Structures are given as C-alpha cells and as structure tokens.
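This briefing concerns one protein chain and is meant to be read alongside its sequence and structure.

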Amino acid sequence: MASPWKDARGVIVSTTPTLEGHPIQEYCGIVTGEVIVGANLFRDLFANIRDIVGGRSGSYERILADARNQAIAELQAEAAARGANAVVAVDLDYEVVGAQGSMLMVSASGTAVKV
C-alpha cells in the first residue's frame with residue numbers, strides 16, 4: 001500500500017474512509033478546497049491542434065495537476081486550522097465552468113479527523 005500524502009503541516013490525505021494502523025480519535029468536520037483556473041487562448045489553440053494530430057496535451061495536464069495540488073493544499077490547510085492531522089474519504093471533482101466553458105474548477109472535499 002502506498003503511503004498517504006502529507007503536506008508540510010503533516011496533514012495526511014487519503015481517499016479511503018480510514019487509515020490502516022491509525023484509528024480515528026475525533027471527527028473535526030467536512031473540509032473543502034476549490035480552485036478555478038482559466039484556460040489560455042494559445043494553450044487552447046495548441047490543444048486543438050493536438051486533438052487533430054493526436055497525442056497528449058502536456059500544458060493542460062500541468063494546469064490540471066497544479067489545480068488539483070492547490071485544491072488539496074487548501075483542504076489540508078482547512079483541516080489543520082480545525083486541529084485535524086488527517087483528511088479521510090477525500091473526493092476530487094472536476095467541472096468546466098464559465099459562459100463558454102473557459103474555466104476549470106477542481107474541488108476536493110473530505111472529512112477532517114484526528115488520528
């Protein structure tokens with residue numbers, strides 16, 4: 001089993017409802033982190049070209065990874081502010097928002113706990 005991801009504050013993040021070997025001592029409530037990023041016109045143009053010729057869009061993948069990491073960091077910060085040292089049952093959601101779908105929202109939610 002891979003070890004859970006921790007931030008600088010030591011807040012463990014896991015998609016599982018429990019942490020093996022670490023019984024939950026206290027539930028601190030639901031925590032969330034949301035990030036909305038705008039798509040860049042030139043990045044869109046090159047992504048459309050990639051769609052035609054095939055291949056992966058590295059620029060979009062980097063944006064998506066950065067947004068996901070920021071959402072998880074916000075989740076961890078909110079958990080730490082509540083005195084928690086872990087977040088369990090984390091769910092990541094991705095949505096396209098904006099008038100022309102020009103923005104991407106990444107949200108992370110879970111239950112802050114003390115283990």
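This is a predicted model: local features need pLDDT of at least 70, side-chain atom pairs count only at pLDDT 80 or more; totals for chains, interfaces and linings use all residues.

Residues are numbered from 1 along each chain as its sequence is written, and side-chain values use heavy atoms, with hydrogens and water left out.

**Overall fold**
- The protein has 2 helices and 5 strands, taken as DSSP runs numbered from the N terminus (helices: H or I, at least four residues; strands: E, at least two).
- Along the sequence, these follow the pattern β-β-β-α-α-β-β.
- Of the 115 residues, 26% are buried (buried means under 20% relative accessible area, with a 1.4 Å probe and protein chains only).

**Nonpolar cores**
- The largest nonpolar core has 17 residues, and Val-31, Leu-75, Ala-79, Val-87 and Ala-112 have the most contacts inside it (a core is a set of buried Ala, Val, Leu, Ile, Met, Phe, Trp, Tyr and Cys residues joined through side-chain atoms within 4.5 Å).
- Two or more residues each come from β3 (26-38), α2 (58-81), β4 (86-97) and β5, and α2 gives the most, with 5 residues.
- A second, separate core of 5 residues includes Leu-19, Ala-86, Val-88 and Val-113.

**Ser-107**
- Ser-107 lies in strand β5 (residues 103-114) and is buried, with a relative accessible area of 15%.
- Beyond residues up to four places away in sequence, Ser-107 touches Gly-33, Glu-34, Asp-91, Leu-92 and Asp-93 (contact means heavy atoms within 4.5 Å).

Key:
Buried means under 20% relative accessible area, exposed over 50%, partly exposed in between (1.4 Å probe, protein chains only).
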